[in-house]
Amino acid sequence: MTSYALGLDYGSDSVRALLVNALTGDEVASSVVYYPRWSQGLFCAPAKDQFRQHPLDYTDSLVQAVQSLWKMVPAGVAQQVVGLSFDTTGSTPVALNREGVALALLPEFANNPNAMFVLWKDHTAVKEAQEITSAAQSAEENYLKYEGGIYSSEWYWAKALHVMRADPAVARATYMWVEHCDWISAVVTGTTQPTQLRMGRCATGHKLMWHASWGGYPPDAFFAGIDPLLGGLRNRLPAETFAADQLCGRLTNEWAGKLGLPVGTPVGFGAFDAHMGAVAANVKPGVLTKIMGTSTCDITVASYADIGDKTVRGICGQVDGSVMPGLVGLEAGQSAFGDLYAWFRNLVNWPVAHLLQRSALIDEATKQRLIQEVEDQTLFALGVEAAKLTVGEAGITALDWVNGRRTPDADQTVAMAIAGLKMGSQAPQVFRALVEATAFGARAIIERFKAEGVAINAVVVIGGISKKSDFVMQVCADVWNCPIDVLESEQSCALGAAIFAATVGGVHANVASAQAVMASPVCKTYTPNAQAAQAYEQLYLRYQHLGAYVNGRMP
């Protein structure tokens with residue numbers, strides 16, 4: 001009898017369900033469902049860096065995605081699912097009341113953005129992040145030393161404090177905050193009540209300042225000293241945390257019925273998407289796994305012996321067991337990668353879209369079709385023309401900080417810049433500079449790891465961009481001056497979740513043995529062009545100088 005594992009991957013725009021044969025690693029069926037409220041732009045204010053998502057987008061889309069799988073496979077397959085696991089974006093927390101209900105699910109908060117999940121890319125908490133960083137740096141124990149030394153506005157405590165300061169009604173109703181990856185696992189296992197809620201190691205270690213050396217979280221006095229609004233919150237969090245290969249609970253009767261799965265199906269602890277994606281990529285010491293999408297997350301692991309007592313500066317944390325049990329997981333990343341390309345696409349397409357929308361000569365359906373066709377073809381066309389340019393020919397240097405900087409050295413107040421524009425600078429020349437900027441930003445992360453004594457000998461990439469653009473990937477190989485392996489799986493993060501689900505479900509004894517059967521093979525390798533790599537050395541220096549100037553560090 002075949003055993004199947006179900007991986008659920010919550011991205012920025014959609015949830016992806018992937019059904020995998022746990023005995024062979026074959027990807028049997030997949031489904032993608034876009035969040036309906038998010039698609040309408042509800043609860044968001046991009047001009048204010050506010051990005052919020054309704055919990056019903058997550059639960060409704062989950063049911064639709066899983067149920068659609070059973071239409072693609074023979075009858076009875078659902079009854080052979082041995083486990084399911086979730087990965088999500090992060091840090092994406094939400095406020096719960098004393099009963100463990102997300103505030104947005106209550107009538108009085110149903111349309112209040114502050115009661116929603118605060119998406120990873122929400123940067124409204126810059127001030128709060130700076131306060132937390134300052135408090136940690138002046139404390140007797142620096143509680144950020146295992147999180148790169150700088151707290152980010154993208155992370156849990158800063159977001160919680162900002163929302164509660166901004167909305168007293170939400171603050172009064174809040175009993176605790178929980179990350180999306182921990183919340184969704186608790187929902188389907190019926191353990192959202194605060195006395196029952198348990199949390200995974202991934203989110204708590206990388207975003208909540210959890211560390212075994214200080215017995216869990218920093219003391220309550222540390223948080224209350226930043227703002228009394230934070231007082232008592234850490235005491236309501238469970239001190240014990242769990243790696244994703246452990247059993248979180250079992251599917252309730254209610255959720256088994258909604259998903260069409262057996263009652264009691266094992267559910268693993270949740271983790272962030274990039275961390276589970278790295279597992280699908282066979283992450284190991286010395287290999288950096290880069291998940292390339294709207295933003296990037298860069299994941300590697302190190303042995304206890306190799307990491308020793310090092311604390312790596314300017315990254316998003318080093319956490320025991322956050323990626324692979326028995327290894328220290330290290331996370332970095334860029335706040336914008338594909339988002340930078342999308343920004344430029346929207347910029348150059350604005351006149352066309354605006355004029356089409358105003359036209360009285362075309363019906364509404366045709367307008368939308370034409371706008372979508374232009375949008376779909378723009379980046380490909382720009383890439384084709386940009387690839388014809390030689391390295392340095394355009395004379396343009398750009399920064400990749402259009403959404404702030406995640407690493408190295410988190411700073412969401414910085415902005416991107418473009419230098420070297422002339423009358424001859426056309427869209428392909430600018431686009432090439434933007435692609436090079438994202439590659440330079442990634443190189444800065446690689447160099448920081450190496451400077452801090454973490455070996456990076458090879459790079460493996462997953463995510464949509466790695467499969468869509470030969471031009472982008474070749475520029476990256478040339479700028480990084482190393483080979484890049486691209487994984488075959490179209491759903492690597494969901495595949496990583498399925499690997500954990502198969503482990504939790506007992507098909508495999510541990511994650512490593514599950515990886516041996518289920519991890520994705522490499523479908524393509526990009527190798528650097530020696531001449532281009534040499535030319536990029538000088539352009540990378542220009543990128544660094546421009547960044548220093550924008551940061552106000554140049555004389």
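Figure 1. The model is predicted, so local features need pLDDT of at least 70 and side-chain atom pairs count only at pLDDT 80 or more, while totals for chains, interfaces and linings use all residues. Residues are numbered from 1 along each chain as its sequence is written, and side-chain values use heavy atoms, with hydrogens and water left out. The side chain of Lys467 meets that of Glu490 in a salt bridge, at 3.0 Å from N to O; the term denotes a side-chain nitrogen of Lys or Arg within 4 Å of a carboxyl oxygen of Asp or Glu. Lys467 belongs to helix α15 (residues 464-468), whereas Glu490 is in the loop between β21 (484-487) and α17 (492-504), and the pair links parts of the chain 23 residues apart. Helices (H or I, at least four residues) and strands (E, at least two) are DSSP runs, numbered from the N terminus. With a relative accessible area of 58%, Glu490 is exposed.

**Figure 2. Further salt bridges.** The structure holds 24 salt bridges. One of them joins the side chains of Glu331 and Lys207, at 3.2 Å from N to O. Glu331 is in strand β17 (residues 328-334) and Lys207 in helix α7 (residues 201-207), so that distant parts of the chain, 124 residues apart, are linked. Glu331 and Lys207 are buried. Another salt bridge, at 3.1 Å from N to O, is formed by the side chains of Glu373 and Arg369. Glu373 and Arg369 lie four residues apart in helix α13 (residues 364-386), about one turn of the helix. Glu373 is partly exposed because its relative accessibility is 34%, and Arg369 is partly exposed at 44%. A network of salt bridges links Lys127, Glu128, Glu131, Arg165 and Asp227.

**Figure 3. Aromatic pairs.** The whole structure contains 24 aromatic pairs. Rings of Phe, Tyr and Trp (its six-membered ring) pair if their centres lie within 6.5 Å; planes under 30 degrees apart count as stacked, over 60 as edge-to-face and the rest as tilted. The ring centres of Tyr35 and Tyr58 are 5.5 Å apart and the planes stand at 75°, which means that the pair is edge-to-face. Because Tyr35 is in the loop between β3 (27-34) and α1 (36-39) and Tyr58 is in helix α2 (residues 55-69), the pair ties together parts 23 residues apart in sequence. Tyr35 and Tyr58 are both buried. The rings of Phe440 and Tyr543 have centres 5.3 Å apart and planes at 45°, so this pair is tilted. Phe440 and Tyr543 are both buried. Ring pairs also link Tyr143, Tyr146, Tyr156, Trp157, Trp214, Phe222 and Phe223 into a cluster.

**Figure 4. Charges over rings.** Arg198 has its charged end over the ring of Phe242, 4.8 Å from the ring's centre. A charge sits over a ring if NZ of Lys or CZ of Arg is within 6 Å of the ring centre and within 35 degrees of the ring normal. Arg405 lies over the face of Trp401, also 4.8 Å from the ring centre.

Notes
Buried < 20%, exposed > 50% of the residue type's maximum accessible area, 1.4 Å probe, protein only.
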